[in-house]
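Open the structure in your viewer and keep the selection tool at hand. This tour goes from stop to stop, saying what to pick and what is there.

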Amino acid sequence: MAEILAKLEGVSRVYQKGKERVDVLHELDLEIEKGDFLALMGPSGSGKTTLLNLLGGLDKPTAGTVSVGGATLSSMSNSQLSNWRATHVGFIFQFYNLLPVLTARKNVELPLLLTNMSAKERSKRASLALEIVGLADRANHRPRELSGGQEQRVAIARAIVSDPQLLLCDEPTGDLDRSTADEILGLLRSLNADHGKTIIMVTHDAQAANYARRTLHMDKGKLETRATA
Amino acid sequence: MKYFGLIWKNAWRKKIRTSLTILSVLVAFLLFALLNAIGYAFRAGEDVSSAERLVVIHKISLINPLPISYEARIASTPGVAEVTHASWFGGYYQEKRNQFAQFPVDIKEYFALYPELIIAPEQLEAAAQNRIGTIVGHELAEQFGWKLGDRIPIQATIWTKADGGRTWEFELEGIMRSNDPRGSTAFMLFNHDYFDEARAFGKGTAGWYVLRIAPGADPVEVANAIDAQFANSPNETETSTEAAFAASFAKQFGNIAMIVQLILGAVFFTLLLVAGNTMSQSVRERIPELAVLKTLGFRDSTVLGIVLSESILIIALGGLLGLGIGWVLVQGMAQQLSASLPGVYLSPQALLLAVGIMIGAGIFAGFFPALKAMRLSIVDALARG
Ligand SMILES: Nc1ncnc2c1ncn2[C@@H]1O[C@H](COP(=O)(O)OP(=O)(O)OP(=O)(O)O)[C@@H](O)[C@H]1O
Ligand SMILES: [Mg+2]
């Protein structure tokens, strides 16, 4: 039995929309091992993004505890969560979410601004991360000068630059064509296999889920397990 | 400082919008520099005036002359250390536009009362000895290219000579300057005796008296004592401090300071609206980007600081450019106006105030957008993006 990296115990998340209560997650239990590559599937509105937000310390549960790598996120303050996110987790979104005014390298450097690293060190690390995602030659391009696949590679470089253990991907290939999606998924698999990153990936695409070690299905805020190879 | 690149790039996300905002800030601070420098000229008289000196004028107005016999009576008033007289000549050199102040005075007494005026002792002596001798400020000598020994004809606008002539000839015997960098010497002094003998009317009078109070004497008491002496005479007096005198002199030009402040107030109000609008648009446009920064671990307070810094940066860019251009223009203006409006000057205090206004306006314009950015919920903002 491998080490557990992330653990959800009895997690519920309720949103209050005016008078209406939206029960998004109900008493969810989940354990994610270190080194896992987990695909999370399910219909729209089933709570996948909500779950990812909880695991990434972007949101707090209404009830239950969320712990990642020994840190109990559900009981941390907002600024503690900010500090934690800066070094422990990388986010990858469907629409890349790069800053359009910055070059690829500067985008990748952003998380390092929160450290005490020198400008030189930051630049070096950013170059290394861009090399890992295969975009070293595009370091000085702005996002709008890049293709969608390239933008997503920059976003991945930004997610790994501070060397977090956990990568959270919300439909990372949702906006890409099949072959570009396969490249990105291949990159994620290599980050998992070769760099030991634990990855949780939300996807609507069964082929994408095939890249993962296992797939969880979510429906109406509940999880059901269907292990894959 | 490591965030500077990020702040700078964000400030220029819409180049035209930022340029226009900077331009409007530039104009505001350019106006500030010019108006402040001119306002300074009007205030200079008050600021360099001495608290130890009192000025005695005719109660009706500055224009009404006082008998020269008053000098001895003022001198004997308790609390008066020294007294001298001066008058307004109101002439010009060659052309009407070359107007500057000329004062018929007792040259030696005058310099004794104004120790801030610096002159070589031999020049002072020569001017006093020469009936038509004159001393001018270095500003005038430079402007008109006068050298010691030059003959300077001045056209009178008030004081015709007894022979009917309007041209008064003087011989330049001395050039003075002030030991106070703010003090102007753009005026001309000459012998009252020559003036009084040669003028067609008004003989035996002086325009006003200037006195120094004795150490320890109360200026208010001395002023009251002097005015009491001449009460109920045909020529009643009004004695005030030099500062009050300078202020009433400046008031002849209208309440410049207030007009200046009103204009600046309107300009800066507009500036706040323009800059505030730029910042709130800029923040509204990049809600998702700000949410991403927070996702990456930027704290709420850091995001607040980044947006505020951006606002201050834009205003400081325009403001410093405006001040810089204003500074150059003020130098030119000071030279052009050195005779007619001496003391045009952009003071270090004004520059400091301008920088303070930049920071204040930057914070003010950026405050609500920055607060909005700080309070932004990541989950909501990303769901929208
Ligand atoms: N901030 C919020 N306030 C209120 N309701 C919310 C909020 N965020 C999510 N919800 C609701 O929670 C439910 C789950 O949302 P979530 O985004 O987790 O779904 P999802 O599985 O990621 O869907 P999709 O596949 O469309 O991305 C939805 O019904 C949504 O309307
Ligand atoms: Mg979602």
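This is a predicted model: local features need pLDDT of at least 70, side-chain atom pairs count only at pLDDT 80 or more; totals for chains, interfaces and linings use all residues.

**Stop 1**

Select β1, β2, β4 and β5 of chain A. These four strands form an open sheet in the order β2-β1-β4-β5, with antiparallel pairing. Now look at the edges: β2 (20-33) and β5 (71-72) of chain A each have a single partner strand, so one side of each is left without a neighbour in the sheet.

**Stop 2: strand β1 and its partners**

Select residues 4-17 of chain A, which make up strand β1. On one side, 10 bridges join β1(A) to β2(A), and the two run antiparallel. Pick A:Ile4; its bridge partner in β2(A) is A:Glu33. Next pick A:Lys7. Which residue of β2(A) stands opposite A:Lys7? It is A:Glu31. A:Lys7 also has a bridge partner in β4(A), namely A:Ser67. β1(A) and β4(A) pair over five bridges, in the antiparallel sense.

Follow β1(A) into β2(A). They form a hairpin with two residues between them. Click A:Gly18 in the turn: its phi is positive, about 65 degrees.

**Stop 3**

**Stop 4**

Nonpolar side chains tend to be buried together in soluble globular proteins. Select A:Leu51, A:Leu55, A:Leu110 and B:Phe298. They belong to the largest nonpolar core, of 64 residues, and touch the most other members. Helix α12 (residues 300-336) of chain B gives the most to this core, with six residues.

Zoom in on A:Leu110. Beyond its neighbours within four places in sequence, its contacts in chain A are A:Leu99 and A:Leu102. In chain B they are B:Leu6, B:Leu293, B:Leu296 and B:Phe298.

Then move to a second, separate core of 39 residues, which includes A:Ile92, A:Met117, A:Ala159 and A:Ile199.

**Stop 5: where the chains meet**

Colour by chain. Here 19 residues of chain B are in contact with 25 residues of chain A. How much area do the two chains bury between them? About 2000 Å², with 67% of it on carbon and sulfur atoms. Select B:Lys2, B:Leu296 and B:Val379: they supply 27% of the area that chain B buries against chain A, more than any other three residues. Zero salt bridges are found across this interface.

Note on methods
Residues are numbered from 1 along each chain as its sequence is written. Chains are lettered from A and ligands numbered from 1 in the order in which they are written. Side-chain values use heavy atoms; hydrogens and water are left out. Two strands pair if DSSP finds at least two bridges between them. A nonpolar core is a set of buried Ala, Val, Leu, Ile, Met, Phe, Trp, Tyr and Cys residues joined through side-chain atoms within 4.5 Å. Buried means under 20% relative accessible area, exposed over 50%, partly exposed in between (1.4 Å probe, protein chains only). Contact means heavy atoms within 4.5 Å. Buried area is the accessible area (1.4 Å probe) that two parts lose on being put together, summed over both. A salt bridge is a side-chain nitrogen of Lys or Arg within 4 Å of a carboxyl oxygen of Asp or Glu.
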